[in-house]
Amino acid sequence: MSVQSLGLPPRVQDYMLSVSLRETPLLRRLREETSKHPYFEMQIAPEQGQFMALLVELIAARRVLEVGTFTGYSALSMAQSLPSDGQLITCDINQEWTAVARRYWDEAGVGDRIQLRLGPATETLDSLLDSEGPGSFDLAFIDADKENYTAYYERSLKLLRQGGLILIDNVLWSGRVADPSVNTSPTNALRELNQALHQDQRISLSMIPVADGLTLAYKR
Ligand SMILES: C[S@@+](CC[C@H](N)C(=O)[O-])C[C@H]1O[C@@H](n2cnc3c(N)ncnc32)[C@H](O)[C@@H]1O
């Protein structure tokens, strides 16, 4: 299943989950079904899903954007915190994986709040900028191909209202970003984005070591 938070001893991780995780039986079932998938590690950790759902509540988000749906765990976590007239638009390129997602969203009764856009996410975000306009979302979650993260970040920042929040997943990349001998293309892309965000005065910033590292960027 999903990675445990980097550096947290298993005993402490188990304790943390035992006193804080409130995963619904349906989310748990989705996690169990996804654990049989060859790319099961792409799914976010349940405590991260719960954290993001809390952030949706905290900023009273009504419109959420997601880049990277997979089998729908993060979308379902966040959609359950939206008001009944809220909306989550999620982007992916894979029909088969997102069909699993759709089954669970419908079973959870939030299928009408979630719109799936199949196609390369840069194109989807560009078309959203045309159709919905800048400032039309409250929160964005970026969790797809790492080489395009900067493109997703720049477009999401435009799509977000002032006071909106961007969440960026895998920013610690299992620690590889901190190892100078690793120079793969996703590692370098994440390093470049992390460094750029450190200097970016358009946002307030925090990087937290939950799961594989999550950056919070608040649009000033
Ligand atoms: C890490 S997974 C997302 C995990 C998901 N957030 C969850 O909680 O289960 C990344 C997803 O990004 C999708 N993806 C990869 N390249 C993409 C692209 N260019 N445009 C849109 N989606 C893409 C993949 O098909 C995959 O489902």
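The model shown here is predicted: local features need pLDDT of at least 70, side-chain atom pairs count only at pLDDT 80 or more, and totals for chains, interfaces and linings use all residues. Residues are numbered from 1 along each chain as its sequence is written, and side-chain values use heavy atoms, with hydrogens and water left out.

**View A. Helix 6 packs against helix 7.** Helices here are DSSP runs (H or I, at least four residues), as are strands (E, at least two), numbered from the N terminus. The crossing of helix 6 with helix 7 is left-handed (the near helix is turned anticlockwise from the far one by less than a right angle). Look for Ala121, Thr122, Leu125, Asp126, Leu128 and Leu129 on helix 6, which meet Ala151, Tyr152, Arg155, Ser156, Lys158 and Leu159 of helix 7 (contact means heavy atoms within 4.5 Å).

**View B. The two sides of helix 6.** Ala121, Thr124, Leu125, Leu128 and Leu129 are the buried residues of helix 6 (buried means under 20% relative accessible area, exposed over 50%, with a 1.4 Å probe and protein chains only). They sit on the same side of helix 6, because their arc around the axis is only 140 degrees (taken from the directions from the helix axis to the C-beta atoms). Their cover includes strand 1 (63-67), strand 2 (87-92), strand 3 (114-118), strand 4 (137-142) and helix 7. On the face turned away from the buried side, you will find the exposed residues Glu123, Asp130 and Ser131.

**View C. Ala60, an alanine with positive phi.** Most residues other than glycine have a negative phi. Ala60, though not a glycine, has a positive phi near 50 degrees. Its place is the loop between helix 3 (46-58) and strand 1. Ala60 counts as exposed, at 56% relative accessibility.

**View D. Ala211, in another loop.** Ala211 lies between strand 6 (203-208) and strand 7 (214-219). Its phi is positive, about 50 degrees, although Ala211 is not a glycine. Ala211 is buried, with a relative accessible area of 3%.
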